[in-house]
Amino acid sequence: MQIGVGGASGDAYDQLRGDLPDPSLGPHDPTTSIELAALVLIKDKGAPANQPISAYLPAVTAYNGTGPAAVAYANRVIADATSYAGDGVSAVSACETSDNNSTLIIPGDQAKILPDGEAEAPANAPPVVQEMIAAGNRLIHFPYSWGGGHGDPAQTMSQTDPNPAHWPGDQENGGPGYDCSSATSYVLWGGGYRDSLLGGSVWDSTELENVGRPGPGHWVTIYANAGHAYIEVAGIYLDTAAGEGNLPNPPTTGPRWSLRGTGPAGFVVRHPPGL
């Protein structure tokens with residue numbers, strides 16, 4: 001990706017000089033050029049920080065202008081970045097903080113559960129897997145509520161503002177929340193499987209016995225039986241039943257990341273195609 005250093009394109013370097021770790025270095029320094037490209041994307045083109053690679057497509061397109069050439073170039077950049085990540089090459093983040101709508105990316109293949117219950121996604125995982133980790137992170141503050149989260153998917157499965165109040169369930173833990181199967185469905189929706197696996201709805205645990213393909217997946221595995229369901233993503237589990245006393249997960253109720261799941265004994269094991 002090119003950086004304007006003067007002329008008709010404008011001097012992006014001079015505008016962002018103060019945000020560089022070493023303002024004395026110019027864009028012809030290899031490290032500085034990478035930092036400068038990241039700053040242009042984030043500060044000028046509105047790119048998010050610490051998101052799956054696919055999330056950067058609009059900003060990379062805007063970086064190169066408009067029209068078919070810009071779109072084609074951006075698609076090539078994203079494809080190359082995804083290929084590099086698959087080879088174990090990870091990007092340097094321009095921001096090390098996280099909020100409720102972002103998930104940090106860490107090197108390797110294994111997700112990591114933080115002391116606050118959120119999870120970090122592995123850089124080597126496909127973007128859809130990273131997005132499923134982010135989806136799970138959006139649920140970890142909700143209580144368990146039997147039957148909760150099975151209402152209007154526009155609200156209960158929203159990937160920006162999940163709201164189980166439309167179908168609150170039994171609320172046996174003090175408020176509306178998610179149960180095992182609606183939480184599992186939510187993570188699958190987060191990976192983009194709303195229609196291809198779930199038909200645009202929220203499945204119960206019995207239905208999840210037939211989701212996807214048989215057997216465990218490499219990145220994602222669903223465990224289901226007539227009474228319970230949970231999901232494994234990049235080596236950690238989002239489960240409403242395994243959290244009690246299972247550190248680093250706090251002893252609390254609801255969908256929580258855990259280092260182990262309730263099963264696998266007694267569960268049907270499935271996985272999304274390709275994962």
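The accessible surface of the protein chain comes to about 13000 Å². Carbon and sulfur atoms hold 54% of this surface. Accessible areas were computed by the Shrake-Rupley method with a 1.4 Å probe; for residues, only the protein chains shown count as cover. The model is predicted: local features need pLDDT of at least 70, side-chain atom pairs count only at pLDDT 80 or more, and totals for chains, interfaces and linings use all residues. Residues are numbered from 1 along each chain as its sequence is written, and side-chain values use heavy atoms, with hydrogens and water left out.

The protein chain contains 8 helices and 9 strands. Helices (H or I, at least four residues) and strands (E, at least two) are DSSP runs, numbered from the N terminus. Of the 275 residues, 45% are buried. Buried means under 20% relative accessible area, exposed over 50%, and partly exposed in between (1.4 Å probe, protein chains only). Among contacts with a separation of 6 or more, 53% join residues 24 or more positions apart. A contact requires heavy atoms within 4.5 Å.

Six strands form an open sheet in the order β4-β9-β5-β6-β7-β8, with antiparallel pairing. Strands β4 (213-214) and β8 (256-258) stand at the edges. Each has a single partner strand, so one side of each is left without a neighbour in the sheet. Two strands pair if DSSP finds at least two bridges between them. Strand β6 (residues 229-233) pairs with strand β7 (residues 236-239) over 3 bridges, in the antiparallel sense. Glu 232 stands opposite Tyr 237 in β7.

Helix α7 lies across β5 (220-224), β6 and β7. The helix runs at about 30° to β6. Axes are lines fitted to C-alpha atoms, for helices over the stretch in contact, and angles run from 0 to 180 degrees between N-to-C directions. Ser 181 belongs to α7, which spans residues 180-190. The relative accessible area of Ser 181 is 3%, so this residue is buried. Beyond its neighbours within four places in sequence, Ser 181 touches His 150, Trp 203, Asp 204, Ser 205, Leu 208 and Ala 229.

Leu 275 lies in the segment after β9 (268-271). Leu 275 counts as buried because its relative accessibility is 7%. Its C-alpha atom is separated by 8.6 Å from that of Pro 126, 149 residues apart along the chain. With neighbours within four places in sequence left aside, the contacts of Leu 275 include Pro 126, Val 128, Val 129 and Tyr 193. Gly 217, His 218, Trp 219 and Val 220 are also in contact with Leu 275.
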